[in-house]
Each structure stands twice: as C-alpha cells, then as structure tokens.
Amino acid sequence: MSAAAPPKPQPGVPSFCRRAWEPVFAKVKRAVVFLDPACAESLHWACGGLEALLQAGALNVKEFSSFESGEAEQPKAVFVVSTALKGQTLDIIRDIMSLSRFQYCVVFTGVSHAVHLQAYNTPLGAEAESSGPVVFEQFEEKLCQWMGNMNYTAEVHHAALFLAPLSPHLFVTPAFAALFPLMVEDLMHLNRVRPEKKKISHLSDVDFFSLPAELQLAIRSLVSDLNSLLEYLSVREECFAVGSLSRIIAGDLANYSQAKLRRKNAQNKAAIIFVDRTLDLTGAVGHHGDNLAEKILSILPKLPGHKSDVMVNMTELTSLHANETSCNIIAPGCLAQPTEPAARSLWESLMNLKQKEGLMEVRRHLVEAASRENLPIKMSMGRVTPEQLHSYIQLFKKKFDALKNHCGLLQIALAVVQTLKDPQNAKWDNFLAFERLFVQNIGESTLFNALKQLLPIIKPSRNRTADDYTPQEFLLLLVYIYSIVGEVKTGKELNEAESQVKEAFIQAICDEPELSPLLQKIIGCESSSTKVTFEKATAAVNEVFKCLRDVTRARTHMKQFNSVHIPGSHSQQASYKPLMKQVVEEIYNPDRPDPVDIEHMSSGLTDLLKTGFSMFMKVSRPHPSDHPILVIFMVGGITVSEVRMIKDLVAAHKPGVEVIILSTTLLTPQNILELLFATDCLKPDIGI
C-alpha cells in the first residue's frame, strides 16, 4: 500500500512562513547563495535552514559579507537580504560581485518596492508612470554593470521573509529585532534636532513624521510586511495600540493605502493589538516562568548570528573527549527542528508546559524513540532527573541509524540536560527568591529603601562566590526594581541612595578582571584597544540610571494599566500582575466597557465619523473582542512565559478565538539589557 499524501497545509501563519521561501527555492538551482543573518534565522525556523537551500539545488550557501565571493566556475548568484537595496547592503553586494565572475544574478529583498520608493525619495507616482517597479529595474541595471556585461541576466524581487515561526502560535521578526519603544531620553534627542519647530512635550505626542528617516523606514517596512501576511490570511483587521510607538505602528497600518483592496475582499476579521514592551520590563527581566524552554533560551549560549536559538553541545554523542577543542570540531545542535515532527512536538510542549511536566514529556519522547530502535532502555517511573535523561541519551551513542532517525529529538533533550546541569540554573532560583521578596516588601518600603537593601549585594569579583551577582546580573535586578515600582517622587534621600549604589556599581565594574561583551558595549569599550577607565564607567553608569528613571515613568500616561504591582492585604500576598494579563482581561471583560488604554486606530473617514458621532449618538466603536482572530504584536520583545499566559487567558475567557502572537524578538532576561542600554532606538540598523 502506498503512503497517503500529506494533508494540504491550512492557510495559517506557519504556512505563510514556508510559502514565502518558495520563490527563493525556485531560483537557487546551480547558484551560490548569500544570506544575511535575519533571513538565515527566518529560514532556520521555517524550513530547516541550509539543508532546504541545498535540496533546492544550491551549490553553496555563504554569509552575506564583503569578504565572501563566488568561485570562478560559479556563474550564478542569489542574494537574500532583509534590508533595503541601499547604503551598506548595496556596498556588500557590489563587493561580492567585484570578487566573482557572475553572469546571472538574482536578488531577493525583504523590503517591498513601495518602501524602496520612500527610501530613495522617489515620487509616489513614479511606479505608475513607468508601469513597473522602477527602483528594482534600476538596481537590475546596476547589477549588470557590476557583472561587466549589460547582456548578462539580473533580477530583483521582493519576498516577505520577515517571520520566524518559533511555535504554531509564536512568530518573531528577526529583521526588526532592534525595534524598541522610545524612552524619554529619545524624546529629548528628537527635540534637539527640531530647533525651529514646536517642541514635543510627551512621548504620546510623537507622530510618524517626527521620527528619524531610518525609524520611519523600519516602521513602514514592518507595516508593509504585516499587510502581506494579512493578505495571505484574507483578513480585515481593526488596529489597536497600547503605548506610544505601538500607536504610531498601528496608525500606519490602519491607514496603509495598499490595504484598501485587501480589506474590501477579506473573508476573515481580526483585532490586532500592538503593545509597547517598555510598559512592563518587570516581565522581561524577571525569572517568574516555571518553564524549561525559557531556561534553555536564557542559559545556553546563543547560536552565532541568531537571536532565538541556542548552541547545544553534541560531543557527548561522539567518541571525542569532551573538551574545548572537540566542542569546536563538532557542529552544535539547536532547538529549531521544523522537518522532524517528534522534535518539533517536544519543543512545543516545552514552551507550553511547566518544568515538571516538560521533563516528563522529554522522558516519554526518549523512551519511545529508544523502544522504536530496540535499544536496551530501563524504564523508571519516579522523578525525572537530568542524570536519568542523560543515561537515555547515551543509549543512542555510536548507533548511527538511531542517531540519524532521532537527531532533532536528541538535540532538544541534550539542551534540557545541559541547562539543568549549568550553574546558572541554580542562580535562576536565587533571582526568583530575590524578586519575590522585593514584591512583598515594595508595599511597605520605597525605592530608597530598596536601593539600600541592594548595597550589600554589589561585590567586587575578589569577594564574590558562585551564588553572588555579577555586575551584569546586578543590572537585571535594578531594571526589575525600577520597572515594578513605577513613578517615584525624587528627593534628597533617593538621590543619596542612588549615589551610593552608583559608586559601588562603578567600583565593581572597574574591579572586574574581564567584563562581559554586553557591559563592554554599554560602557563603550568593545575594541581591545579601549580600556575601561573610572571616567568611562562613571559616565556609562550615570546614563544607565538616567534610563532607569525613564523606566519608572513608562506608565505615567496610563489611566488603567498604570501599575503592575498588586499590593498585599490580610487575605493575600502582594504580587506582580503582568501588563499583558491586564490587557487580555480588559479585552474580554464581560461588561465590555470602552477600553481606556487600548486605543483604537481609525482607518479613514468612516471610522472618524463613527468616533465623532459616538460622542452624542449610540454608535458602538470597534472593540478588540469583536473578532474570532486576536493578533497581539509586542513591540520590543516577548518572553516564553508571556506567550503561554496569553494563550491560557484567551482560552479561559473566550474559547474558540484563534490567537496569533507576533513580536520583534524573543526575550530572555539578558538580551533586554542590550535593547534598553546599548541600542539606538531612533536609528535601527536597516542596512542603509
């Protein structure tokens, strides 16, 4: 009997992610492919990475870098980039081509032609006049010039390669990983560059056209990409926003001119809610999640060039001795296994289950895989330990057929074992204990008292034990405290407490034998020639505390979501209430009040008239709970725990609603620090 044909994929977001790559696969036959990191990450999660390109006929896959080139006998090149064909991106393509002998060149860009018109300041009517994509046509001519013969073949296409599907419900946008909500300090920068114009008094007053050109292009490119996703899903959306940058993005999508025809013909309806990450940084740096996936992503080292995957040491399954040299010989394992159903199923379970249940699921998968391969497995029904899982994994060692059949599953199982055995895993509980204690004490103490309690924790490296906090880990505690406290009254006591903490923190940084790469970046000492001086450390720490004060003011303009701390009472302990929990509960509030802080963005005259009439007539305004599809887009990143919480809350409040969670990046307690303290939010790197 022949095997049944695989079911046709439903037109959902995972299907969109795979379909987006089909035009690329159709062009890579007998070509050398150059791929930038953001597109590589999308391919990695959507189709399995390098292997998918090689199976489609690619001769080789290389990094998109000026130091790469094609071989003399490779006349065809395919470039896949997430950025606009301008500036640095253009320079790299030209550099690669100057070192190669290409005769046929295809470029796929993740930025639509409409956004290229804006990037090149081309009049909007230019495309209609030339009856074609004028910028792409001009770039094709440039490619022929660089190849040295105008009769050679050049093609330029747009492909919506912006999503990486981390699970059936969670999708991140690697190309927009640095997109982060603006802070008060950014507002001051905006005002400095508009000396002749009226000053902007509050972040909520910032509009699209007052932003720098780079940020405008990033937002317009994201909106264009979201439009292509909604078109694939045949969705007419109502846009809502919580936060200032979210309001700008939602407003741009609501009024996107190219969406009119899609909305007119759409078969489905959805509410899409954009939320600023900066309104709740407590959830981003906290260690609340009793979840294995979150621990794996936080503890294991990142896969080079990736934001959402980790390196898994695979030497245990080889005959090599486990040392630093052998680790570099064997390619690392990873979490993304889109082509192996069992491994994909296990990863989804780890994201959705608590740690204890997740461990049982790992054991079940390993036992089933070992039984299928007739390996001598000894069943144990007690508590699942890392040692037990390790012994099951070792059964596959040197069994090459078994290794090949279950390679993806073994990579995820090893990731679990290595995470649980890592010293940082024990420290996770220390963070959690501190955070819980602080949440209880915050009701009866002020930020001043909290900082006083922090002073003994800051220790120079010579006095630290394995349980003590490094300067980078101490920074996590500071963000947690300043975010959960909210707006504070400044005064002499607070300034003195901050000064003492700053002094101890600066001293700890200067005493550090070797700073972490992130702290080097924050201080501005990334190059080996730049030493950390007391002056540099002082200036950096002062900027950090200025940013922390901004963090306390993030929710000031909120009427409903102005706190994430629930004070304790005689009957219950004080607790942290995530902003996203408050947002979802408000959306599905059975009384259906008009949401105060969830702002509806009107899409044209009809909506504006509705909004106006509703002031003196009974006209119902759009409500985010009206639709069978709920799309939540976190601008600035989301955590695994938040994804799970959103799914569970929506299922409890309104079963049957389809939840799609999008975010610029997947957050761990560490990478939020880079976005907050070492990223220029006003000028995201878009390759220009």
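Arg364 is partly exposed, at 36% relative accessibility. Buried means under 20% relative accessible area, exposed means over 50%, and partly exposed lies in between (1.4 Å probe, protein chains only). The side chains of Arg364 and Glu361 meet in a salt bridge, at 2.6 Å from N to O. A salt bridge here is a side-chain nitrogen of Lys or Arg within 4 Å of a carboxyl oxygen of Asp or Glu. Both residues sit in helix α17 (residues 355–372), three residues apart, about one turn of the helix. Helices are DSSP runs (H or I, at least four residues), strands are E runs of at least two, and both are numbered from the N terminus.

This is a predicted model: local features need pLDDT of at least 70, side-chain atom pairs count only at pLDDT 80 or more, and totals for chains, interfaces and linings use all residues. Residues are numbered from 1 along each chain as its sequence is written, and side-chain values use heavy atoms, without hydrogens or water.

## Other salt bridges

The whole structure holds 21 salt bridges. One of them joins Lys62 and Glu71, at 3.9 Å from N to O. Lys62 is buried, at 14% relative accessibility, whereas Glu71 is partly exposed, at 40%. Glu237, Arg262 and Arg263 form a linked network of salt bridges.

## The nonpolar cores

In soluble globular proteins, nonpolar side chains tend to be buried together. A nonpolar core is a set of buried Ala, Val, Leu, Ile, Met, Phe, Trp, Tyr and Cys residues joined through side-chain atoms within 4.5 Å. The largest core here has 203 residues. Helix α23 (residues 471–485) gives the most to this core, ten residues.

Leu478 is among the residues that touch the most other core members. Beyond its neighbours within four places in sequence, Leu478 is in contact (heavy atoms within 4.5 Å) with Leu451, Leu454, Val501, Phe545 and Leu548. A second, separate core has 23 residues, including Val81 and Trp146.

Domain bounds come from an automatic or database domain assignment. Domain 2 covers 162–280 + 578–687, and domain 3 covers 301–421. Their centres, taken over C-alpha atoms, are 37 Å apart. Twelve residues from domain 2 and nine from domain 3 make the contact.

Together the two domains bury about 900 Å², 57% of it on carbon and sulfur atoms. Buried area is the accessible area (1.4 Å probe) that two parts lose on being put together, summed over both. Leu166, Val640 and Arg644 supply 44% of the area that domain 2 buries against domain 3.
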